[in-house]
Amino acid sequence: MEYRKLPHGNENEKFSVLGLGMGGIGKTPVDEIEAIIRKAIDNGINFFDLCTAGASYAPIGRVIRNCREKVFLQVHFGAVYDENGEYGWCRDFDVIKNTFLWELSQLNTDYVDFGFLHCVDSEEDLDELIRIGVLDYLKELKAKEIVRHIGFSSHTPRVANRIIDMGFADMMMFSINPAYDFEKGDEYGIGSVNERFELFKKCEREGIGISVMKPFFAGQLLSARFSPFGVALTHNQCLQYAIDRPGVLTAVPGVQTMAHLDTLLKFLTATKEEKDYSVIGSFTADTIKGTCVYCNHCQPCPAGIDIGLVNKYYDLALAGDEIAENHYTKLSVNAEACLHCGHCESRCPFSVKQESRMNEIAQYFNTKR
């Protein structure tokens, strides 16, 4: 395992380049959660992101009770949980504060290594977190060493740059993968190639560590069928790509089962050839011809359909993402509204047959009702 030092940290704050995201593990049997954490630590993983991980806090706390000083925990101020540990997004100061106190008790610890402003994707949202006192609360906790470092998670380079310029952050959580960095992602892959890369370089210059979310683009990069490039990458290629970006200290892919962990651990013994991601240099428009990459060059749709988003939810639903199905049903205009006017197909740089695609998507989701 390779370890990287937090630039604004002490000599003991060195993080495994392979960390774990615990957000999807809440419905896994408790004994398996504990076994996963134990095996991860035994294999050198010491960095855990706990965003949306409410139901797994207590099992994690039991495992780390006797090795707390060996692991680093990243929690999010704005991610809250109900009595069943189900995740919610919040901007109420009292709820956020009470959630953090609950997290400490569940984890059997009196401190966390990172307290993050959670999912700050807009200027208005940052202003709101400051207005209601969350940032001041984090600074207070840091002064008491209850929070060792302050950080933030975001998908928006413009907002991330503003936060970094404010001078309080030691760590940033950001989504990094080839789909996002080459502008072939979804609505969370915000920013141009240059804008994103300049942000990563700025973090490296200013000593802001980066923890990486979404290294596999919700699993789509691992499948030729669902990858926006039409070519499958491997776990090892995606992980190596992420940790090679400037400023990155650790990647935190999600796990739900022991089998998932075992797959990720293969990264530790993979050869240089198995980690080589140079194939992405050949990903051009020709390699993804006929595949919607959610770029929205087809907009505006005369019927008001967000064509890229409709395609994204469909692709994710086919891959087994139940949340995507739920998001599709909440769209104010869906695939059924297609006028078959040909406007989108005339503008698509990848020659996607969106008219027939809209019929296919509408039929798929209608059968789910």
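Analyst: Let's start with a word you'll need: a residue is buried when its relative accessible area is under 20%, exposed when over 50%, and partly exposed in between (1.4 Å probe, protein chains only). Helices (H or I, at least four residues) and strands (E, at least two) are DSSP runs, numbered from the N terminus. What you see is a predicted model, where local features need pLDDT of at least 70 and side-chain atom pairs count only at pLDDT 80 or more, while totals for chains, interfaces and linings use all residues. Residues are numbered from 1 along each chain as its sequence is written, and side-chain values use heavy atoms, with hydrogens and water left out.

Now zoom in on helix α2, residues 57-64, which is mostly covered, with seven of its eight residues buried. Those buried ones are Tyr57, Ala58, Pro59, Ile60, Gly61, Val63 and Ile64. As background, an α-helix has 3.6 residues a turn, so residues three or four places apart point the same way. What lies over the buried residues of α2? The cover includes α1 (30-42), β5, β6 (79-81) and α3 (93-107).

Leu50 is in contact (heavy atoms within 4.5 Å) with Tyr57 and Ile60, and its other partners are Met22, Leu73, Gln74, Val75, Tyr81 and Leu107, leaving aside neighbours within four places in sequence. Leu50 also belongs to the largest nonpolar core, which has 87 residues. A nonpolar core, by the way, is a set of buried Ala, Val, Leu, Ile, Met, Phe, Trp, Tyr and Cys residues joined through side-chain atoms within 4.5 Å. The members with the most contacts inside this core are Met22, Phe48, Leu50, Phe77 and Leu117. There's a second, separate core too, with 21 residues, and Val310, Tyr313, Cys338 and Cys344 are among them.

One of the elements covering α2 is α1, and Ile36 sits in that helix. Ile36 counts as buried because its relative accessibility is 0%. Not counting residues up to four places away in sequence, Ile36 touches Ile25, Val255, Gln256, Thr257, Met258 and Leu261. For a sense of scale, go from Ile36 to Val352: they are 316 residues apart in sequence, and their C-alpha atoms are 42 Å apart in space.

Next, the rings. Rings of Phe, Tyr and Trp (its six-membered ring) pair if their centres lie within 6.5 Å; planes under 30 degrees apart count as stacked, over 60 as edge-to-face and the rest as tilted. This structure holds 19 aromatic pairs. Take Phe15 and Phe47, a tilted pair with 5.0 Å from centre to centre and 55° between the planes. Phe15 is in strand β2 (residues 14-16) and Phe47 in strand β4 (residues 47-49), 32 residues apart, and the pair links these distant parts of the chain. Phe15 and Phe47 are buried, and together with Phe72, Phe114 and Phe116 they form one aromatic cluster.

Phe77 and Tyr137 make an edge-to-face pair, 6.2 Å centre to centre with 65° between the planes. Phe77 is in strand β5 (residues 72-77) and Tyr137 in helix α5 (residues 134-143), so their pairing ties together parts that are 60 residues apart in sequence. Both Phe77 and Tyr137 are buried.

Some rings have a charge over them, which requires NZ of Lys or CZ of Arg to be within 6 Å of the ring centre and within 35 degrees of the ring normal. The charged end of Arg68 sits over the ring of Tyr111, 4.0 Å from its centre. Lys275 has its charged end over the ring of Phe267, with 4.2 Å to the centre.

For contrast, visit a couple of loops. His8 is in the loop between β1 (3-5) and β2, and its 39% relative accessibility makes it partly exposed. Thr156, in the loop between β9 (147-154) and α6 (157-166), is buried at 4% relative accessible area. Beyond its neighbours within four places in sequence, Thr156 contacts Asp121, Phe174 and Ile190.

Finally, step back to the whole chain. It has 15 helices and 12 strands, and 54% of its 369 residues count as buried.
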